[in-house]
Amino acid sequence: MHALPTSARTRVATVPHADPYVDAVLPASAVRVGPAHDPSPWLDPAYLTAHAALVDVVHLHTGRGHLHEDEVVSWTEALRRTGVPLVVTVHQLRDPARPARHDAHLAALLATAEVVFTLTPGAADEIAERFGRTAIVVAHPSVAAADPDTGAERGLVGLALGIPGAAVTDPVAMVRAALSGAVSGGGRLRVFLEPGRSLALDPDLARAEGLEVVARDPARWAAQLQELHVAVLPQRCGTHSRDLEVCRDVGTRVVAPRCGWFAEQWSDVVGYGDDEGCGFDPVSLGVAVGAALARPMPRPADRAWRAEQRAAVQAVHEQVYDQVVADRVVGV
């Protein structure tokens, strides 16, 4: 049998169905197959089996956290039975909340995937070492643009606590260290909390000069980041960060933990000590914030360069989809 004609649009079930990153990397030659439910019904082996004829590729990014290890194994077995090719993008290699489950998920998925993507060379090396798979490294495309009507305040440091994926061991200690670095650098600290959340601070810290606590607005998050001189990423365990890319897009300097591969996403990142093994180093965070404030605010990312980068990432995805679909047709 022959491959599908190049004029045919590749039917892709993306998990999640809609997401800024997923939207950015999906090529124009692909058509997204719903439904747009969360969690995705495509992660149900019965649904996948019943609707396999409606898709050419399943591309899994995130959204599987609710599944147990055996459920992911059952799902990968259903993929093999139906012959639907799986493409996986590895965004996070660790989950401090459920490390064993996350590792089991990755082992099952990467043993089944036709193609594996990730976002940095360091993550690709870790995937090869831990799972024996070669990952295609693609850049994280732009997911935001600077607002010309939003200004940044020199010396303003931002720290978001309680947001998804930000597992902070001691938020009060992090606030204290970030505030110390901000004030010593001639600035102030703005702590973002999720709407409806509060943070228990001791009275002296709560009244400290240079500290304010505000609600994070998901609808304005890019603008809230753009208002900062420095944004502190609070993750003690992570691989890649979308907020880092937003900061690059809008022109905000980033202070990030040395765990994961944040510095490979953007060379301008200033690192501090925080990871699962050694824990949080408050002195290093204060020093990093002060060092970041001493540097000028970066310019927003060049939009033409970001557009070229996104087009290149989409082209790689298009090539991979075409190849796995052709392999599936030939194998029938």
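Select Arg306 to begin: this residue is buried, with a relative accessible area of 1% (buried means under 20% relative accessible area, exposed over 50%, partly exposed in between, with a 1.4 Å probe and protein chains only). You are looking at a predicted model, in which local features need pLDDT of at least 70 and side-chain atom pairs count only at pLDDT 80 or more, while totals for chains, interfaces and linings use all residues. Residues are numbered from 1 along each chain as its sequence is written, and side-chain values use heavy atoms, with hydrogens and water left out.

**Stop 1: around Arg306**

Arg306 sits in helix H12, residues 303-331. Helices (H or I, at least four residues) and strands (E, at least two) are DSSP runs, numbered from the N terminus. Now show the side chain of Glu245: a polar contact of 2.8 Å links it to the side chain of Arg306. Such a contact is a pair of N or O atoms within 3.5 Å; within protein, one must be able to donate a hydrogen and the other to accept it, and residues adjacent in sequence count only if both atoms are side-chain atoms.

Which residues is Arg306 in contact with, leaving aside its neighbours within four places in sequence? Select His140, Pro141, Ser142, Glu245, Arg248, Asp249 and Ala301 to see them. Contact here means heavy atoms within 4.5 Å.

**Stop 2: the sheet from S2 to S6**

Next, color the open sheet of 6 strands with the order S2-S1-S3-S4-S5-S6, where the pairing is parallel. Two strands pair if DSSP finds at least two bridges between them. Its edge strands, each pairing on one side only, are S2 (30-32) and S6 (136-137).

Zoom in on S3 (residues 57-60) and S4 (residues 86-90), which pair in the parallel sense over 3 bridges. Here Val58 stands opposite Leu86 in S4.

Select Gly122, Ala123, Ala124, Ile127 and Phe131 to see the buried residues of H5. Their cover includes S4, H4, S5, S6 and helix H10 (262-265). Just after H5, click on Gly132, which takes a positive phi of about 70 degrees.

**Stop 3: Thr118**

Is Thr118 buried or exposed? Thr118, in strand S5, is buried, with a relative accessible area of 0%. Leaving aside neighbours within four places in sequence, Thr118 is in contact with residues including Ala123, Ala124 and Ile127, as well as Val90 and His240. Try the distance tool on the C-alpha atoms of Thr118 and Val137: they are separated by 5.1 Å, though the residues are 19 apart along the chain.

**Stop 4: the sheet from S9 to S12**

Move on to another open sheet, in which 6 strands follow the order S9-S8-S7-S10-S11-S12 with parallel pairing. S9 and S12 (270-272) are the edge strands, each pairing on one side only. Neighbouring strands of this sheet are turned by 25 degrees against each other on average, direction ignored.

Select S8 (residues 188-193), a mostly covered strand with 5 of its 6 residues buried. S7 (residues 156-161) pairs with S8 in the parallel sense over 6 bridges, and Gly158 has Arg190 in S8 as its bridge partner. S8 is also joined by 5 bridges to S9 (residues 211-215), running parallel; there Phe192 stands opposite Val214 in S9. Over at S11 (residues 253-257), 3 bridges join this strand to S12, again parallel, with Val255 opposite Val270 in S12.

**Stop 5: H6 and H11**

Finally, show helix H11 (residues 282-294) with helix H6 (residues 171-184): they pack at an angle of about 35 degrees, with their axes 7 Å apart. At their contact, Met174, Ala177, Ala178, Gly181 and Ala182 in H6 meet Pro282, Leu285, Gly286, Val289, Gly290 and Leu293 in H11. H11 also lies across S7, S10 (230-232), S11 and S12, running at about 170 degrees to S12.

Methods. Axes fitted to C-alpha atoms, helices over the stretch in contact; angles between N-to-C directions.
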